[in-house]
Amino acid sequence: MTSPDTIAAIATPPGTGGIGIVRLSGTQALAIAEKLCQSRLAPGSIQFRSFTDAAGVAIDHGLCLFFKSPHSFSGEDCVEIQAHGGPIVLDMLLERVCALGARLARAGEFSERAFLNGKVDLTQAEAIADLIESGSRAASRAAMRSLEGRFSQQVNELVDAVVELRAYIEAALDFAEEEIDFLANSDVGQRLDATLNQLQTLLLHAEQGRTLQEGLAVALAGLPNAGKSSLLNYLAGYEAAIVTEIEGTTRDVLREHISLRGIPIRINDTAGLRESDNPVEREGIRRAWESIGQADAVIYLVDATKGFTDADQRIVEELGKTRLHLVYSKSDLLAADHRSDPQGLYLSTLTGSGMDLLIDRITGQAADFNQDNHIFMARRRHVDALQRALHCLQQATRSFATSRSGELVAEDLRAAQQSLNEITGEFTSDDLLGKIFSSFCIGK
Ligand SMILES: Nc1nc2c(ncn2[C@@H]2O[C@H](COP(=O)(O)OP(=O)(O)OP(=O)(O)O)[C@@H](O)[C@H]2O)c(=O)[nH]1
Ligand SMILES: [Mg+2]
């Protein structure tokens, strides 16, 4: 598929640098670049050229690379103009190629064309953006695995298994009278179970991948003065939050991005939870609950010098979180033999004691991304689609076990297949594509 427009963008980041790249893609890419360089360009070679303005005066000189369709990133004719990395120079070059017939590319438009031309599937296109934006080494390795197609490959294997099952069952439906026996005597049940297991494993890995991409959301909660902001500052490594001995210091939710053992963490410090007549503090507490509700994990701090109180008990019950880490703060103020909870995790932001253990617990919730080379980058939309597919397959398994109804099973398999196909983009609406690619950077 070829688009009518030839698109252009500065592919290097804004600012100054040794080299800056203007990228062109489309049917006119070569003609435009040849006019810019006032000479012919051969495909697949690196050529040193002057880049000239309308009057034939050199704007800059540098390297020109021409990739002939379909052997290019986007699948179309592509030209990379490598000039010097100054913003004015690059703007002049961009203006010039637009005057010669290109138009400015939208965000992600090069990748979108690569997808539409079958150079990459949707998860791979997303992996490019995730690789560029990865916030840790583990995240970049995972994005690279997705870009290499490991995630898509597993999704495609699942689709194949579902399609085979569907074909078998639909064939059985064609022999309606014998359908029941035909299905009963087959291994459809085992094959459904095996596919279900495969999908569950993939979902688990995708959830870990999503954590890497989005970061694990951790909320700090507790009574006023429990030491939440002190812990945030300790983990962030600087004085992000105001700490005072006054109860109710924190009002707004403070958000910090940190990395613990290679895992990106979005940590939120919140207002101390208590009854209050102060409208500002009440709004802070409302926001605290909101942040706690959205967190993947909550660290609940209890002031060790006060011990676990009734007020703590009420809050912990209300939290109702499965991923709750109860910790005692200010352990430096307490002699070790005064610890009321011998099993408890005691922390001090003054001495750092207990921190390793806390970090073990938080990161233990996610897989060890540095060790585990099965993790690939995944996004929330992938996890959602896998969950929908899982639901359909579970339903198919139930229908098969209870009624042996080929029609119901085939319908659920069809729905599962559709959800799986959304992941790689085999079956995706234009709206969704627009949404995905518009979040990419310009020039990619
Ligand atoms: N000795 C000692 N003092 C601590 C420790 N952590 C916090 N504190 C003190 O406890 C007081 C309250 O700390 P904050 O971190 O502001 O507590 P908070 O939970 O954020 O309080 P609010 O924002 O009011 O809800 C401050 O005076 C801190 O210096 C600790 O590990 N050891
Ligand atoms: Mg605070």
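Helices (H or I, at least four residues) and strands (E, at least two) are taken here as DSSP runs, numbered from the N terminus.

**Entry 1. Conventions.** I note that this is a predicted model, in which local features need pLDDT of at least 70 and side-chain atom pairs count only at pLDDT 80 or more, while totals for chains, interfaces and linings use all residues. Residues are numbered from 1 along each chain as its sequence is written, and chains are lettered from A and ligands numbered from 1 in the order in which they are written.

**Entry 2. The sheet.** I looked up the strand order and found an open sheet of 6 strands, β3-β4-β5-β2-β1-β6, with mixed pairing; two strands pair if DSSP finds at least two bridges between them. Since β3 and β6 (103-104) stand at the edges with a single partner strand each, one side of each is left without a neighbour in the sheet. Strand β1 (residues 7-10) pairs with β6 in the parallel sense over 2 bridges, and Ile 7 has Arg 103 of β6 as its bridge partner.

I then turned to β5. With β2 it pairs in the antiparallel sense over 8 bridges, and Gly 17 stands opposite Gly 85 of β5. The pairing of β4 with β5 is also antiparallel, over 5 bridges, with Phe 67 opposite Cys 78. Of the 8 residues in β5, 6 are buried, where buried means 20 or more other C-beta atoms within 10 Å of the residue's own, exposed means 12 or fewer, and partly exposed lies in between, with C-beta atoms placed from the backbone.

Entry 3. Which residues of helix α1 (residues 29-37) are buried? I recorded Ala 29, Leu 30, Ile 32, Ala 33, Leu 36 and Cys 37. They lie on the same side of α1, because they cover an arc of only 165° around the axis, the arc being that of the directions from the helix axis to the C-beta atoms. Their cover includes β2 (17-25), β3 (46-52), β4 (58-67), β5 (78-85) and α2 (87-99).

The largest nonpolar core has 106 residues; such a core is a set of buried Ala, Val, Leu, Ile, Met, Phe, Trp, Tyr and Cys residues joined through C-beta atoms within 7 Å. Helix α6 (residues 150-174) gives this core its largest share, 9 residues. Ala 33 and Ile 81 are among the residues with the most contacts inside the core. Leaving aside residues up to four places away in sequence, Ile 81 touches Ala 33, Phe 51 and Leu 93, among others, contact being C-beta atoms, placed from the backbone, within 7 Å.

Entry 4. Most residues other than glycine have a negative phi, and most peptide bonds are trans. I found a positive phi, near 50°, at Gln 38, in the loop between α1 and β3. Is Gln 38 buried or exposed? Gln 38 is exposed, because 12 other C-beta atoms lie within 10 Å. Asn 225 also has a positive phi, near 70°, and lies in the loop between β7 (216-222) and α9. Asn 225 counts as buried, with 22 C-beta neighbours inside 10 Å. Ser 69 and Pro 70 are joined by a cis peptide bond with omega about 5°; Pro 70 lies in the loop between β4 and β5.

**Entry 5. Ligand 1.** I listed 24 residues around ligand 1, of which Gly 227, Ser 229, Ser 230, Thr 250 and Gly 272 come nearest; a residue is near if its C-beta atom, placed from the backbone, lies within 6 Å. Helix α9 (residues 228-236) gives the most to this shell, with 3 residues.

Terms used
Two residues are in contact if their C-beta atoms, placed from the backbone, lie within 7 Å.
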